[in-house]
Each structure stands twice: as structure tokens, then as C-alpha cells.
Amino acid sequence: MESGMETGMGTVAAAAGPACGRFPFPYTPYRIQEQFMEALYGALEDGRVGIFESPTGTGKSLSLICGALSWLRDVEEKKRQEEARLLQALSPEEPGPPGSAAGEPDWVTAFVQKKEERDKVDRLKEEQIRRKKREDRLEKIRHNVQLKYAAKRKRSEEDETKRLLQLSKEALSQGAGADVLDQLDHNEEELILAEYESDEEKKVVSGLEEDDDDLEEEHVTKIYYCSRTHSQLSQFVREVQKSPFGKDTRLVSLGSRQNLCVNEEVRRLGALQLINDRCMEMQKNKHEKKSDEENEGKKRRASRTVCPFYSYEQMQFLRDEVLVEVKDIEQLISLGRETKACPYYGSRYAIPAAQLVVLPYQMLLHEPTRNAAGIKLKDQVVIIDEAHNLIDTITCIHSAEVSGSQLCCAHSQLSQYMERYRKRLKAKNLMYIKQILYLLERFVAMLGGNVNQNPACQTVSQTGTVLESINDFLFQSQIDNINLFKVQRYCEKSLISRKLFGFVERYGNPATAVKNNKENQKLAGLQNFLQSLQQGSDKEAGTSKSPPVEAENDQLRAASPLMQIEGFLSALTNANQDGRVILNRQGTVGQSSLKFLLLNPAVHFAKVVEECRAVIIAGGTMQPVADFREQLLSCAGVDPARVLEFSCGHVIPPENILPIILCNGPSNQQLEFTYQTRDLPQMMDETGRILCNLCNVIPGGVVCFFPSYEYEKQVYAHWEKTGLLTRLAAKKKIFQEPKKANQMEQVLVEYAKCIKRCSQAGGQMTGALLLSVVGGKMSEGINFSDDLGRCVIMVGMPYPNIKSPELQEKMAWLDKTMPRAAGQAPSRVLIENLCMKAVNQSIGRAIRHQKDFASILLLDHSSIEGSWMLCDMDQREQMVFSSMSYTTEK
């Protein structure tokens, strides 16, 4: 297959980059890797938006690393040379160039020019000093091991001193014999909302010294590398470590608090939002500690919990050690535990000086998260890897859904909270709480219910799904007079959801003993309501029991519904034309839900493209590129001339892949897996016969993909009933893809062990059969290389559910806003693209390196029609289907 680079003007030569020999590479690169790096270098140099496609086996990660860091190295060198030239040219001893503005004397013009030159020289010298200071500090840490041990020893001594001080305080408090009831009352201080100032934007309190030079350090030119999961990011960092740039690159890995927190008390909360709120509260407690100590003589205050890992000095050490040596997330967490420093904030403080920042692309694509992390995109480079689901990811990040149970539960919790602390809350807090209560009442009313009744017992009179524009929903729910932007800002700044969660944690659990006084007896209503909600949800869920971990997470989610509702309120602040509100009324109010669906993901991607010097969207399967061009880049206002496309062929020879389309089974039954025919017993029987024949002749592992979990479960039960499953199990051990993520690793390990045992022992059993689901956990990011995947089978073409209200609304929006492509309606193209993307991802699990080989079977009569589109859409799999016409005729 030809490799090249395409623009809006056609294919052009990749001449912008340096000679291939100038790319440091750990081994002699393939020609397609050289072309990839040349095209990447040219895109970064010219400030383009590049769509890069490089299939598995072509060394995409290493090509990205070596190409991008080569460009960064050259940019930094050019910048140093330019600074030296300017400093020499603008030396104070030399006279400035003559000239005068219209009507101004020459001496005035010369004075202004001289001052501008002096200011520029001062800025350049200051930047050089700052850079030299940073480099000297890192070099000293890199080569002075004793400095590290001295720092660790000092921290150990400080920890021991703090521990002894704490023990003495506890002894004093016990001797004092403080009144228990009074102490409990003081402990409630942390549940009270602080006074809120709505019109004043304050900086987030960090508890750090403001006069430190490093906090003012400007961001150096850097590359932000994004991928989907933390495991993919760790894999990329390991590639950087092995690359020629591994020892000289200042790299920092970012992640969520859920992944980087080393405080076990906070980690135990489980849910991301709870961890975030608890962390911010502990920061606030640390900041307020001094004022509490000052007021100690005037009024007894409860001791507020602060995080022992949130220490500026400790995080300074962690930041420097991160910049000295490339570390992945696991190594960063170990370093945080060892140095008693927070990896979450320590890594963030390393961003300004870092050259390569590695982060999940959810963190980069969500603007509030991006700003909170201190990520500045102005004139920087962004590389988004594994970007085939980029459009869907942006849509999901900015969509939100809340159930009727969550709305009613939040209303009950917030009402009880307001009643208990009404006399202690400031007027502005009470005003906003009443506004939130009113919003919750109106949302429940839109679902046909009443917040004062149990949602599990309220039957919805008119069931069905209704889609509304944002403005229509606001008018119909009678909340158009409330400023949602102010309510959203209040929720963020006041941490009301965290306060409410602490309140429910203390008083909302029916099993918790409550003091026998009049005020606390009022909370019985909250307890009974929460208990009835739990009983109602148990009835709906049936008698099946979940594992303890899942049950714990469900309990956390049920206890903090306002956190979910805040996301829905934020979504309602989108522009009217960019989204829809879906009212899903089902059975009872508790089962019903409100969902915000984002239709135009480009509005949230536009700022990234506008601010960055260059954006690279990369992946193994990027076709159809038209989706990215039209739905993302064109709608974001990107000039088509700025967009660059690059796609390279596979390194695997054609004879290593055997593509087969089966239209009929062994008994000549036509294979047609539509919704109307796939449930027929003869169709499931024919599928079983095909798998039996294949398992008899194919060694190693066979991976079979079904359209959905429900259909896979139905077919499995049918095979079990007819005895066909026993025939399959005689040849290969059968594994099923689990629905729960925490069970997937175990299934994969057992699957691999079974194949290894069979290959070594020989005998009748020849390997394993893995029943998977298209779009599931096994269809993306899993390597079934070598014997793990000698054959991949697709049962039917995985077309999406055309009756889905969300999909119908998306189709209608595309037909209204997008141009027709090759005479086809955009909605029709969307359906086909969703199907083929799913196919491409699934069958791409098998071929993972240059010497790998596998068979690929598509079981569906409609595959003949779809295969030709697949060829056009996905150059990565063109080789797979190069012999498709021959196979079809035969």
C-alpha cells in the first residue's frame, strides 16, 4: 500500500521535516516509520492539525515519541540561538537604529526604541537565569544521591516529631474530661456552609508560599500527550524510557485524584467526586488551621483533619525527582508514598518545567478540569493518541443523566440539612439552597412526580421518551427565571455536595444511633425516606446480590445524588442548538430519568484547536476521516487548508492474513443476523456448527465477537440447552467476557494459561474459545497476539439501534447541519460508520506485530455489501480484504 500525506489540495511530499538520519531511533526504522516522523515533524513545524493513522505493528508510539521530541529538541536549540543573537544585536553599548515617527524628534524615537530594547534584553536575561537555575537544580539532584537521603531523613524526623506531639495532645484532651455532647456539637462545624460571596471570583486556596520563584515559572514549550486509559499512558511512558530521549526528557504523568491519591483515608471513599471534595476540604482545613489556632483561646473549635501528604516542602522534592527521571504513574505513586508527598499536586507543580506531559484525554478535553490542573495550551502541542473514539468521548464527557430517585433523594437530604442549620446559615446560602430545592421540585414534576412522595411508589401516567431543546425544557419546567450559571458557580465554590454528603453520612444511615433529643428526632424522616428508597431499589433490582465492592460504590452514589445533579445543571448551560434534553418516563418516577445529550462536540474542542500551536489526532484506525473533518474540525472553525492527513500501510505481508466472508453455514442456512431473524433457533444452531468446524481445525485461541451482551448470553444458553456447548468444550475451553471491569484481568489470565497449557501438552483440546462483545472491554486495547488470537469471528454486522431516541436526534441534527457526502444523507453515513468502526476495532485485536498471522471471518449475508465500504473506509484493513472478491465468488 502506498504511504503518503494528504491535504485539502491532494497528496504532497513530506519535505518539511529534517533528513531521516536526524531522527534518533533505538533501531533502524521501517520506511513507513521514517515517513510518519517526517510528516509529524512537518505538521508540528507548520502548526497544522494532523490526522495520523498507523496500524498496530508499525511502531506508532515510538514514531510519535522520536518525531515529536526531535522537533522539540530543534525548537529549543533554535530558541537559544535566537536569544543569543538578539542579546548580541541589542547590546546596550550599541546605538539604536535611527529613525523618527511622524512629527516626533529623533531623540524621542531613539529613547523609546532604546527602552524597548533594554526591556527585551532584561526579559531574555531573566529567562536565561531562570532556565539555568532550574537546570542546575535538576542536575544537582540527578548526581547527588546524598541530597535525596538527607531530605528523606529530615522528613522522617519531622514525622516522628508530629506523631509525638499528637500523642501529647490526645493525652491532654483525655485528662481535661471535655464534655462529649459539646465536642460533638463542635464537630458539626465542618458541615456548615461558609459565607458565600457570589460576585467575587477568588483564587483557589493552595496553602503554598506565594513568594516562591518556582510558582511564577513560565511554561516552557511542551508537548501534551493524551490517551484513553492510565494503562495506555503507562505503556507510552515505558516506550519513552526505552527511547533515545529517555534520559534527557523532563516528563510528568498526570492523573485523577482517584488514581494518584496516596492518603488511604481519602482513597477509601471510592467515588471520584467524593475523593475530589474530601481532598479540597482538607486543603481548606490546612489553610484555616492558623486562624483556628489564633481563636483557640476565645472559642473552642473542633480539630479539622488535614492531609499529611499535602506539604509544600515535600511536594517540592517530589516535583524535582519527577523532572529528573522519567517515571510512569505507578512509579509516581510509589515515590509519593516514599517521600510522604502528594503525587497529584506534586506532578501538577512539575508541569511548567516539563517538556512532555502525559495525561488522560478526558482531563485535557474538559475545560474546568484542564484549568484546575494548571494546563496551559497557548502555543503548545497536543497529541491525542487512540483517538478513534474522540467524538464519542467529548460527547460523553459533556453529557449527564439523573434519575427520579436521585432527584427526590437530593431534595429530601437538602431539605433536612436546611432545617437543621437554618439559624446558622447566612442569607445568601439559604437563598441558593432554596433555588436548588426549587429546581429539584420542577425536575421531578417534569417526570410526572412529587418530591414529597416515595419515587418508587409513584406511577408515571404517560410513559415514553420525549426530546426537548434546552430552552423549551427550561420554559416548560418553569426555571427559565433562574440563573443556572450562578447556581453552578455556587455549587462549585461552596462545596455544598460535600457538606451534604457529610451530613447524610452522619445522620442519614438508619443503622446509626441518633441522640435522643428533639432536634435529632426531626431527622427520622430523612432516615425513613432513605431506607424506603433503598428498599424500593432492592425490589427493582431483584434478589441478585452484587459483590461487596460494587455494593459499596452503589451506596456511595446513593448517598451523594447532588453530585450527579450538579453535572446535569452544568450541562444545561450549553447553547440551545448544541444539545437536547431527553425526558425518559418509565413505570415509576424513580425509574424515570432526565438526560442531557450533547449534539455538537466541536464547541468543546474548538478552544483546544484555537490555542494550540499544533494538534495531532492519531490512532491505529482513524477511518473514516470525514467524521473528524466535518463533525469536529470544520464545526470548530478549523481552516481546511490547515488539516493534514497521513496514513501508512501495515507491515504484515498479505499472506499472513486470511479474510473470509461466510454468507451461508454448513447446512446452507443463509446467515442474516438482523433483529428479526437472529433470535431464530436455526440461526443460533448454524452459528454453533460454524464454530465447531472452526475449532476443529484452528489451533490456539479463537475470539468470537457478538453484537451485544444480551445476544451472547442468549446464544450461550441455547447452545447449552441443545448440547452444542459440550461439543465445543471438548475441543476448546470456553470463556465469556465479564461485564464487570474488575473481573476482566482474571478471565484474560486464565484464557492465556489455557492456551499455553494446550500448546505444550498436546492432546485432544487445542486451545480456548473466548466469547466477546463488540464495543465491550475485549474489543479495544487488548492484544490477542500470536496463539491468543489465531482467528477472529464477527457474528453479524454490529449496526446500532436505529430506534434509540438519542441516535435519532443525532441523525436529525447531522442531516440539518452537515452536507451530503457522495449523494448519501449524513445520518445514513453515521449508521454505517458506527458499524464499521466497531468491526475494525474488533478484528484489529488479532494482528499485533510484523510476524503475526490470523484468520478473520465475517458471518453475515450483509457483509458483502459492507465489506466494500470497509475497504474504502479503513486503509488499515485493506490488506485484510485484498482478496475479498475472490473469496466472495468462491
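1. A charge sits over a ring if NZ of Lys or CZ of Arg is within 6 Å of the ring centre and within 35 degrees of the ring normal. R790 meets this description, lying over the face of F853 at 3.8 Å from the ring centre. A further case is R678, whose charged end sits over the ring of Y711, 4.8 Å from its centre.

2. On the basis of this note: the model is predicted, so that local features need pLDDT of at least 70 and side-chain atom pairs count only at pLDDT 80 or more, while totals for chains, interfaces and linings use all residues. Residues are numbered from 1 along each chain as its sequence is written, and side-chain values use heavy atoms, with hydrogens and water left out.

3. Aromatic pairs. A pair of aromatic rings is described by the distance of the centres and the angle of the planes. Rings of Phe, Tyr and Trp (its six-membered ring) pair if their centres lie within 6.5 Å; planes under 30 degrees apart count as stacked, over 60 as edge-to-face and the rest as tilted. The structure contains 20 aromatic pairs. One of them joins F443 and F473, and this pair is stacked because the ring centres are 5.8 Å apart and the planes stand at 25°. F443 belongs to helix α17 (residues 427-446) and F473 to helix α18 (residues 470-476), so the pair links distant parts of the chain, 30 residues apart. Helices (H or I, at least four residues) and strands (E, at least two) are DSSP runs, numbered from the N terminus. Both F443 and F473 are buried; buried means under 20% relative accessible area, exposed over 50%, and partly exposed in between (1.4 Å probe, protein chains only).

4. A second arrangement. Y751 and F784 form an edge-to-face pair, with 6.0 Å from centre to centre and 85° between the planes. Because Y751 lies in helix α30 (residues 744-761) and F784 in the loop between β17 (767-773) and β18 (791-795), the pair ties together parts that are 33 residues apart in sequence. Y751 is buried, with a relative accessible area of 1%, and F784 counts as buried at 1% relative accessibility.

5. A ring cluster. Y310, Y344, Y345 and Y349 are linked into a cluster by ring pairs.

6. Salt bridges. Side chains of opposite charge can pair when their charged atoms come close. A salt bridge is a side-chain nitrogen of Lys or Arg within 4 Å of a carboxyl oxygen of Asp or Glu. A search of the whole structure finds 24 salt bridges. Among them, R422 and E419 meet at 2.9 Å, N to O. R422 is partly exposed at 32% relative accessibility, and E419 is partly exposed with a relative accessible area of 49%.

7. Where do the partners E809 and R580 lie in the chain? Their salt bridge has its closest N and O atoms 2.8 Å apart. E809 is in helix α31 (residues 805-817) and R580 in strand β10 (residues 579-586), and the pair links distant parts of the chain, 229 residues apart. E809 counts as buried at 18% relative accessibility, as does R580 at 17%.

8. Is E645, a salt-bridge partner of R629, buried or exposed? E645 counts as buried, at 15% relative accessibility, whereas R629 counts as partly exposed at 21%. The closest N and O atoms of E645 and R629 are 2.3 Å apart. E645 lies in strand β13 (residues 643-647) and R629 in helix α26 (residues 625-634), so the pair ties together parts 16 residues apart in sequence.
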